[in-house]
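Dear colleague,

Please find the structure below, handed over for your records.

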Amino acid sequence: CRDMIVATTDMFGINSLYKPMNMSIRITPLIVFLLSHLTLSAQLTSGKMYESLQYATYLGGADQEEAWPTPAVEEGPNGTFYIAGLTKSADFLADEAVINRFTDNRYNLFVCMIHPDSSSILAGAVLGPVEGFRGVNMERDHQGNILVGGFNSDQGFESMGTGYRSQPNGGTDAVLFKLNGDLSEVIKQTCFGGSGDDELYGIRIINNSLYLFGTTKSTNLPVHDGAVQQNFMGVSTGEPDLFIARFDRNFTILLGCTYLGGSGLEAGYLSQESTSLLITGFTGSNDYPVTEGAYDRTFNGFFDVILTRLSDDLSEIEASTYIGGAGGDFGYDCTVKDDHIFFTGHGAPGFPVTQNAYDRTYNGGPGGYDDAIVCKLNWDMTRLEASTFLGGNQFDNGVKILIDPIGDVVVSGYTYS
C-alpha cells in the first residue's frame, strides 16, 4: 500500500525527477513525495518515522503554485494519480493542457495526471480563476471522470453544460467541474450558493449522491424541509456557518441542503476516507449543535475541535461533539476504522489527552506554538478513547490522517520545530 502525501513548501532539498528548466525562479512549488510521515498504533501509544523516500518531484511553473492546507490527490488508472491545486504560472501545463483558461494575476484552478513514477505529466487542464488559495477539492467518480472544484465570484466564471446553476448567485459561490478521465473535455460545470460568500471545502460521492461541503455567509441557501438546520446562525456576528448540499450524481438536481453551525465562526473539512458524512473542523460557537450523551457537550473556549456525523439525507445529526481545552484547538482531517473515528489537527495547552498516550505533554511552549494532535473516539462520539500531542517546541499541525492495512494510524502534516 502506498500513501500519497502532497505538500507545499518554499524550500526542499531534493533532486527532482520532473524538473522544469525555470525551477530556479519558482516561488512556492508543489512537491509530490511518496512517504508516510509518522505512524502510531491504534491506541496512539507508540510512534515510528518512515525512512524510505521512494520518489520526490517539483511540480509548477515560473510563478506560484498553491493549495491550502494541501493539494487534492486522487488515484487514477494503471498506477497514475491526479493532483489538483492552484497556479499563477502561465507556463505551467502550457504544453500538456488541452483545456487552458489561464487568467493572469489570478490563482487558476488546475488538475493534472501524473505518471506512476512521477517522471512526467500525462495530461492537464487549467480551468480558470478562483478566489484565494484555499479550498481545492477533487473526487473521481465510478465512470473514471474527475470532479474538481473551488470557489469563485462571477468574475472569470464561464457557464457550460446543464449543471444545477450556470452563474454565481452573489459574493463567492462554490464552483464544480466534471472532466473526462484524460482531462481533455469539461463535461459539465456548475456553481452553488446564496447571496453571501460561499466557499467549497469538500466533494464526496456517497451512495450515488454528490455532496458539496463548505462554509457560508448566505442567509438564503435553498435548504429543504426536514433539514438538520433551517436557518443561518451567524446573522448577529457575521461569522460563517457550515453547509452541506446533496445532488444527484450528475449535479443537476438539488436533493437537499442544510446549514450546520452556531452563532460564532465555523470552518471544517469533510472526510475523504469515510463512507459516511463525517465532518471535523473547529468552532467559536457556544451553541454549536451537539448530541445527547456526546463526549463533550460544553464549549471550552476560544476555538474547539468539532466532530459531527450526519445522515445521508441531511435530516439528522447522528453524533456530534466538542473536543478541546481553554485555548484554540482545530481539526483538519478525520477517518474511520472498525467503527472508530480518528482525527488530526493542532491543539493548545489544556487539550485533553489520555493515559498512556504517545505524548501527554504539550511541547509548544509560550507564544501560541501549538502541537499536532491525534485522537480516537468511538462511533457514537461518547468516549475519547485515545488522544495524544505530537510535536516540538514550535508550531506543528496534523493535516491528513489514514489507517494503513496493518491498522497503524498514519499522520502527515507540517512542522516549524
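A salt bridge is taken here as a side-chain nitrogen of Lys or Arg within 4 Å of a carboxyl oxygen of Asp or Glu. The structure is a predicted model, in which local features need pLDDT of at least 70 and side-chain atom pairs count only at pLDDT 80 or more, while totals for chains, interfaces and linings use all residues. Residues are numbered from 1 along each chain as its sequence is written, and side-chain values use heavy atoms, with hydrogens and water left out.

Salt bridges

By the rule above, the count is four salt bridges. One of them joins Arg-309 and Glu-318, whose side chains meet at 2.9 Å, N to O. Burial is judged by relative accessible area (buried under 20%, exposed over 50%, partly exposed in between; 1.4 Å probe, protein chains only). Arg-309 counts as buried because its relative accessibility is 4%, whereas Glu-318, at 36%, counts as partly exposed.

Arg-204 forms a salt bridge with Glu-139, with the closest N and O atoms 3.0 Å apart. This pair links distant parts of the chain, since Arg-204 belongs to strand β16 (residues 198-206) and Glu-139 to strand β12 (residues 137-140), 65 residues apart. Strands (E, at least two residues) and helices (H or I, at least four) are DSSP runs, numbered from the N terminus. Both partners are buried: Arg-204 has a relative accessible area of 8%, and Glu-139 one of 6%.

The salt bridge of Arg-297 with Glu-292 has its closest N and O atoms 4.0 Å apart. Here Arg-297 is partly exposed, with a relative accessible area of 43%, and Glu-292 is exposed at 70%.

The chain as a whole

The secondary structure of the protein chain comes to zero helices and 29 strands. Of its 417 residues, 59% count as buried. Contact means heavy atoms within 4.5 Å; among contacts between residues at least 6 apart in sequence, 65% join residues at least 24 apart. The accessible surface (Shrake-Rupley method, 1.4 Å probe; for residues, only the protein chains shown count as cover) is about 16,200 Å², of which 47% belongs to carbon and sulfur atoms.

Nonpolar cores

A nonpolar core is a set of buried Ala, Val, Leu, Ile, Met, Phe, Trp, Tyr and Cys residues joined through side-chain atoms within 4.5 Å. The largest has 24 residues, and those touching the most other members are Val-111, Leu-127, Val-148, Leu-179 and Leu-183. Elements giving two or more residues to this core include β8 (81-87), β10 (107-114) and β11 (121-130). Setting aside residues up to four places away in sequence, Val-111 touches, among others, Tyr-82, Leu-93, Met-138, Ile-146, Leu-179 and Leu-183. A second, separate core of 18 residues includes Tyr-201, Tyr-211, Leu-277 and Tyr-322.

Aromatic pairs and a surface patch

Rings of Phe, Tyr and Trp (its six-membered ring) pair if their centres lie within 6.5 Å; planes under 30 degrees apart count as stacked, over 60 as edge-to-face and the rest as tilted. The structure holds 17 such pairs. In one of them, the rings of Phe-395 and Tyr-414 have centres 6.1 Å apart and planes at 40°, so the pair is tilted. Phe-395 lies in the loop between β27 (384-390) and β28 (396-403) and Tyr-414 in strand β29, so this pair ties together parts 19 residues apart in sequence. Phe-395 is buried, with a relative accessible area of 18%, while Tyr-414 is partly exposed at 32%.

Phe-395 also forms a tilted pair with Tyr-416, at 6.5 Å centre to centre and 55° between the planes. Tyr-416 is in the segment after β29, so this pair ties together parts 21 residues apart in sequence. Tyr-416 is exposed, with a relative accessible area of 60%.

Together with Trp-68, Tyr-414 and Tyr-416 make a nonpolar surface patch of about 330 Å². Patches are made of residues with over 30% relative accessible area and no salt bridge, like charges being joined within 9 Å and nonpolar side chains (Val, Leu, Ile, Met, Phe, Trp, Tyr) within 5 Å. Elsewhere, Phe-151, Tyr-201, Tyr-269 and Tyr-332 form one aromatic cluster.
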